[in-house]
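Here is a friendly walk through one protein chain. Please take a look at its sequence and fold before reading on.

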Amino acid sequence: MCWEVNKYVQRQFDFNYGGTGSWGVELVKQLLTLDPREIVVYSRNESSQVAMKRAFEDSRLQFCIGDIRDKEALTKACRGVDYVFHLAALKHVPVCEDQPYEALKTNVIGTQNVIEAAIENNVKRVINISTDKAANPSNFYGMTKAIGEKLIIYANLLGTQTTFVCVRGGNVLGTNGGVIHLFKQQIAEKGRLGITHKDMTRFFLTQQEAIKLLLKATVEGKGGEIFVMKMPTCKIMDLADVLIEHMGKKQVEIVELGVRPGRKFTKSSIRNTRHRRRSCSTRIIW
C-alpha cells in the first residue's frame with residue numbers, strides 16, 4: 001500500500017485547503033515522505049501557517065493565505081496543481097447552529113468554489129474530506145457537509161478531466177478543541193467533567209490512522225465514490241473514566257449537561273438508503 005501511494009503522489013503538485021488544522025498537518029507530514037514536487041497549504045490562519053512553516057522547514061512546502069469563499073483567489077492559487085485535498089470547513093456543531101449563513105458560505109459555497117477552481121485548472125483529482133455527521137444529518141453542520149458531498153459526487157458527471165471522491169471520517173483523537181483535549185483540561189483545572197449524556201457514543205480514530213485511510217482512498221478512488229472509514233466506537237462515559245484514571249485524579253465530579261440541539265445519542269457513518277435512488281458508490285475502507 002505504501003508503495004502504491006508513493007507511486008501515485010511522487011513528483012506531483014499537491015494542494016491542501018484548510019491545511020493548518022489537525023488533519024492538514026498530519027496529511028502534510030505523511031505526504032512529504034512520499035517525495036511530492038511541491039505542497040501548497042491554503043488557509044486563512046496566518047499564525048498557524050507561520051508555526052507550521054517553522055516546524056517543518058521544508059522547501060517543498062509553500063503557504064498561501066486565502067479563503068475558499070473567495071473563488072477568484074482560489075482559482076489563481078490552484079494553477080498547476082495535480083491533486084487537491086479539501087479539508088476546509090466550519091466544523092463545530094453549536095457554531096453552525098448559531099450562525100448557519102456562515103456555515104453555508106464555507107461548507108457549501110466554498111466546496112462549489114473548490115470544484116469550479118479545480119475544473120478550470122484541469123486538476124487530476126479532488127479529495128473531499130467529509131464527516132460521519134453527513135449520514136442522516138440531525139444538525140446544520142451535518143446538512144452542509146451532506147450537500148457538499150452531493151456537489152462533489154455530481155461534479156463527476158460534468159464531463160471534465162478532473163475526478164472527485166469523498167472520504168467520510170469521524171472524531172480524530174488528540175486534536176486541539178477535541179473531546180480528549182477538553183476532558184483533560186476540565187479534569188486538571190476544575191476537577192469537574194461535563195458530558196452531554198452518559199449513554200452517548202462516538203467514532204474515534206488517531207490522526208495517523210485517519211490520514212493513512214485518506215491516502216488509501218486517494219489511490220483507490222475512480223471518481224464518484226464516498227469512502228467511509230471503518231472506525232471503532234466508544235461511549236463518552238467510558239472515555240471519561242479512562243481519562244480520570246490516567247490522570248490520577250480521585251475526586252472528579254461528572255455532570256450531565258443535557259443533549260445540545262442537533263446532537264445524536266449514537267452515530268452512524270452510512271445513511272439509510274432504502275428509499276433513496278442510488279447515485280454514487282459507498283465503500284468502507286480500513
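Predicted model: local features only at pLDDT ≥ 70, side-chain atom pairs only at ≥ 80, totals over all residues.

Residues are numbered from 1 along each chain as its sequence is written, and side-chain values use heavy atoms, with hydrogens and water left out.

Let us begin with the overall picture. The chain has 10 helices and 13 strands; these are DSSP runs numbered from the N terminus, with helices (H or I) of at least four residues and strands (E) of at least two. Of its 286 residues, 49% count as buried, meaning under 20% relative accessible area with a 1.4 Å probe and protein chains only. Among contacts (heavy atoms within 4.5 Å) with a separation of 6 or more, 81% join residues 24 or more positions apart.

Next come the nonpolar cores, each a set of buried Ala, Val, Leu, Ile, Met, Phe, Trp, Tyr and Cys residues joined through side-chain atoms within 4.5 Å.

| Core | Size | Some members |
|---|---|---|
| Largest nonpolar core | 29 residues | Trp23, Leu27, Phe85, Leu214, Met229 |
| Another core | 25 residues | Phe15, Leu74, Cys78, Ala117 |

H9 gives the most, with six residues.

What does Phe85 touch? Leaving aside residues up to four places away in sequence, its partners include Asp14, Phe15, Leu27, Leu31, Ile127 and Leu214. Leu31 is found in helix H2 and counts as buried because its relative accessibility is 1%. Leu31 and Asp14 lie 17 residues apart in sequence and 8.7 Å apart in space, C-alpha to C-alpha.

H9 has buried residues that include Ala210, Leu214 and Val219. Its 14 residues should span 20 Å at 1.5 Å a residue, and its end C-alpha atoms are 20 Å apart, which agrees; the expected span is 1.5 Å times one less than the number of residues.

Finally, S2 (residues 38-43) and S3 (residues 61-65) run parallel and are joined by five bridges, where pairing requires at least two DSSP bridges. Ile39 stands opposite Leu61 in S3.

Methods: Buried < 20%, exposed > 50% of the residue type's maximum accessible area, 1.4 Å probe, protein only.
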